[in-house]
Amino acid sequence: MSDMAGKRTSAESDESSRKKAKKGDSDGDVYNPYLAHMDPSPDSPFSGMTRRQVTAEQISKVEDLSANAFTGVEHTQKYFQILQTRRELPVHKQRQEFLDKYHSTQILVFVGETGSGKTTQIPQYVVFDELPNITGKLIACTQPRRVAAMSVAQRVADEMDVKLGEEVGYSIRFEDKTGPKTMLKYMTDGMLLREAMHDHDMSRYSCIILDEAHERTLATDILMALLKQIASRRSDLKIIIMSATLDAQKFQRYFNDAPLLAVPGRTHPVEIFYTPEPERDYVEAAIRTVLQIHASEPDGDILLFLTGEDEIEDACRKISLEAEELTREVDAGPLAVYPLYGSLPPQQQQRIFDKAPPALRKGGRVGRKCIISTNIAETSLTIDGIVYVVDPGFSKQKIYNPRIRVESLLVSPISKASAQQRAGRAGRTKPGKCFRLYTEKAFKKELIEQTYPEILRSNLANTVLELKKLGVEDLVHFDLMDPPAPETMMRALEELNYLACLDDDGELTTLGGLASEFPLDPALAVMLISSPEFYCSNEILSITSLLSVPQIWVRPANNRKRADEMKAHFSHPDGDHLTLLNAYHAFRGQGSDSNMLKQWCHEHFLSFRHLSSADNVRAQLKRIMETHSLDLLSTPFEDKNYYTNIRRALLAGFFMQVGMKESSGKVYRTVKDHQAVLIHPSTVLRAEFDWVLYNEFVLTSKQYIRTCTGIRPEWLLEIAPTYYDLEGFEDGEVKRSLQRAAEKKRRKEAMKAGR
DNA sequence: GAGCACTGC
């Protein structure tokens with residue numbers, strides 16, 4: 001079915017590309033003497049090739065030379081072996097077709113299913129056509145994830161027989177593996193966006209390839225809109241949008257009816273089964289299905305998709321228990337069950353690649369493994385050997401409520417595209433089966449086609465700041481593929497205005513420009529930039545880093561009490577931010593031997609992984625501060641204001657995230673949105689504070705505020721006088737309380753003056 | 001008295 005649809009779209013676009021090609025012939029490819037230097041010299045391996053007119057045959061000739069055309073080094077035997085396998089990839093058959101289309105247009109949409117070879121091959125074809133060794137301009141290929149950028153770059157460096165980091169490199173946060181000779185650069189989409197902030201025309205590149213565009217990450221969506229704009233002012237820039245879905249028409253339409261090329265994939269067929277009736281309890285149904293497969297289906301590993309850590313651990317236990325029973329009672333083979341989710345330590349994540357267990361006795365049935373995973377196995381991790389997929393049809397998805405400015409996670413039905421992706425996981429090594437725990441009717445009628453792009457489900461404060469820095473003047477008319485709700489945009493603009501990153505006309509302020517230099521949310525960036533005024537930028541730098549990595553506290557289900565006791569050692573009575581700082585200082589005080597540090601973290605129930613990454617982040621943020629001459633200061637530890645200064649500095653960024661205790665007792669109310677919230681049970685904060693600032697608002701079984709620090713109301717009036725201008729405040733407990741604080745402050749000042 | 005799907009700069 002997918003093949004047919006692919007052919008249909010490809011035929012349709014053939015015509016439009018022919019029209020464009022004709023147009024190009026008449027006004028584009030006229031001989032231009034000023035570009036003569038762009039032609040390779042007669043003694044070069046590329047002689048006879050004209051940039052952007054190269055043929056597949058010419059490329060093959062150069063590839064077959066005994067020496068590498070780019071480096072002059074003799075090719076290894078391995079190179080020719082790889083070359084052979086490359087020429088068997090589906091995409092290779094259409095190399096000339098690709099080049100023809102690429103020559104005919106500025107923007108090309110390329111659809112290649114899994115196994116087509118698009119990510120490794122297309123950028124190489126472009127290299128031979130663009131001749132970056134002569135123009136000096138780079139070719140970029142973006143990926144949504146770091147590991148992909150790194151591993152694909154390595155693979156392509158091998159294929160081109162060059163050293164990684166020289167002709168072929170990659171660029172991701174914390175690591176730039178490119179050099180002066182680099183022609184082809186794999187990078188994360190976020191990294192290209194960062195670069196664009198300082199080079200609005202992306203002038204270093206002659207061709208930009210956006211890979212995995214169907215994933216619709218925030219960065220990809222912004223890049224698409226940006227590139228669409230840039231394309232109209234830079235006629236020499238070419239763009240390729242690569243996607244895995246059949247939703248290519250949407251990309252084509254968005255890019256002014258850009259031509260399309262579709263290449264089939266190379267996967268095995270997957271048979272789909274639906275349940276005849278809707279399932280009431282999907283976890284129970286999933287467990288039952290896994291056990292049925294184990295008892296009655298031929299060899300092959302199983303992949304089950306569930307939504308989160310708890311659900312997965314629970315299902316693992318139940319399946320293991322029941323499988324043992326099956327082994328005893330009906331002589332089924334052994335079943336090894338492995339959980340898989342993002343917060344699992346890497347060592348345990350690795351176990352999913354273990355071989356399935358052997359038969360228990362000679363002649364007995366062979367074992368299989370069953371992996372129970374979150375969405376991480378849908379895109380980020382690929383496991384070979386999976387033959388059976390069990391798909392209950394749910395995943396946790398981020399949603400944003402602009403009214404109360406809260407992002408939360410909600411278990412929701414997946415999209416058709418997601419269901420297809422999941423099923424595809426069963427056909428990587430041989431034909432497979434996918435058991436969908438919903439009816440065929442539900443699949444057809446109830447599931448949406450595509451998961452909503454991230455841009456429709458996020459707080460956009462950060463995005464809006466980035467866009468301003470990218471030189472986008474008119475946000476309302478900025479041509480995004482899926483424009484977000486106006487209310488979400490308004491909320492973002494409002495927040496940035498309160499943070500003084502945008503002025504009242506919506507223009508970027510000096511502070512806003514500086515804030516956008518940091519890879520942080522605007523509130524964190526503003527807090528960091530303001531911290532020298534509070535004589536504690538070193539400490540705020542540490543806290544900011546700790547807040548931008550996952551929780552450093554480890555709390556295993558079987559050892560919660562001990563973990564809480566260890567955390568108490570670091571606790572500071574004034575709040576969680578200071579507690580984080582204490583733990584970090586203790587960590588840094590342990591020396592640099594990484595084995596010792598790991599041991600120390602283990603004993604103290606701290607995450608070595610996350611503390612180390614906080615260290616990495618800190619170093620990066622520190623460099624940015626130094627570049628912009630922001631002072632790194634500390635109040636002497638003996639000074640009685642050491643901790644007070646830090647608490648006040650926190651408010652410089654988080655003055656909008658403040659709650660006041662209601663007179664009734666435990667419940668706090670957020671100051672502007674009037675939401676009733678509880679302080680999260682993980683807090684170290686004692687009850688005596690009437691006012692707290694919080695790092696995040698979490699919406700789970702109840703409304704919680706998490707990572708809280710006690711503050712004094714008069715600080716709000718000093719540090720954020722505009723936001724806390726009482727004139728504009730609604731009457732109520734909050735306003736009366738702030739008025740009393742203002743009164744107290746005036747009396748104090750009067751007394752000081754009178755003395 | 002409880003949670004953190006997944007990425008990215």
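**Close-up 1. Ring pairs tie Tyr498, Phe655, Tyr723, Tyr724 and Phe729 into a cluster.** Rings of Phe, Tyr and Trp (its six-membered ring) pair if their centres lie within 6.5 Å; planes under 30 degrees apart are called stacked, over 60 edge-to-face, and the rest tilted. The structure has 22 aromatic pairs. This is a predicted model, where local features need pLDDT of at least 70 and side-chain atom pairs count only at pLDDT 80 or more, while totals for chains, interfaces and linings use all residues. Residues are numbered from 1 along each chain as its sequence is written, chains are lettered from A and ligands numbered from 1 in the order in which they are written, and side-chain values use heavy atoms, with hydrogens and water left out.

**Close-up 2. Phe46 and Phe128 make a tilted aromatic pair.** Their centres are 6.5 Å apart, with 55 degrees between the planes. The pair links distant parts of the chain, 82 residues apart: Phe46 is in the loop between helix 1 (2-27) and helix 2 (56-64), and Phe128 is in helix 6 (residues 118-130). Helices (H or I, at least four residues) and strands (E, at least two) are DSSP runs, numbered from the N terminus. Phe46 is buried at 2% relative accessible area, and Phe128 counts as buried too, at 6%. Here buried means under 20% relative accessible area, exposed over 50%, and partly exposed in between (1.4 Å probe, protein chains only).

**Close-up 3. Two charged side chains sit over rings.** The charged end of Lys228 is over the ring of Tyr254, 4.2 Å from its centre. Arg436 lies over the face of Phe443, and here the distance to the ring centre is 4.5 Å. To qualify, NZ of Lys or CZ of Arg must be within 6 Å of the ring centre and within 35 degrees of the ring normal.

Close-up 4. Two strands pair if DSSP finds at least two bridges between them. Strand 1 (residues 107-112) runs parallel to strand 8, paired over 4 bridges; Val111 has Ala262 in strand 8 as its bridge partner.
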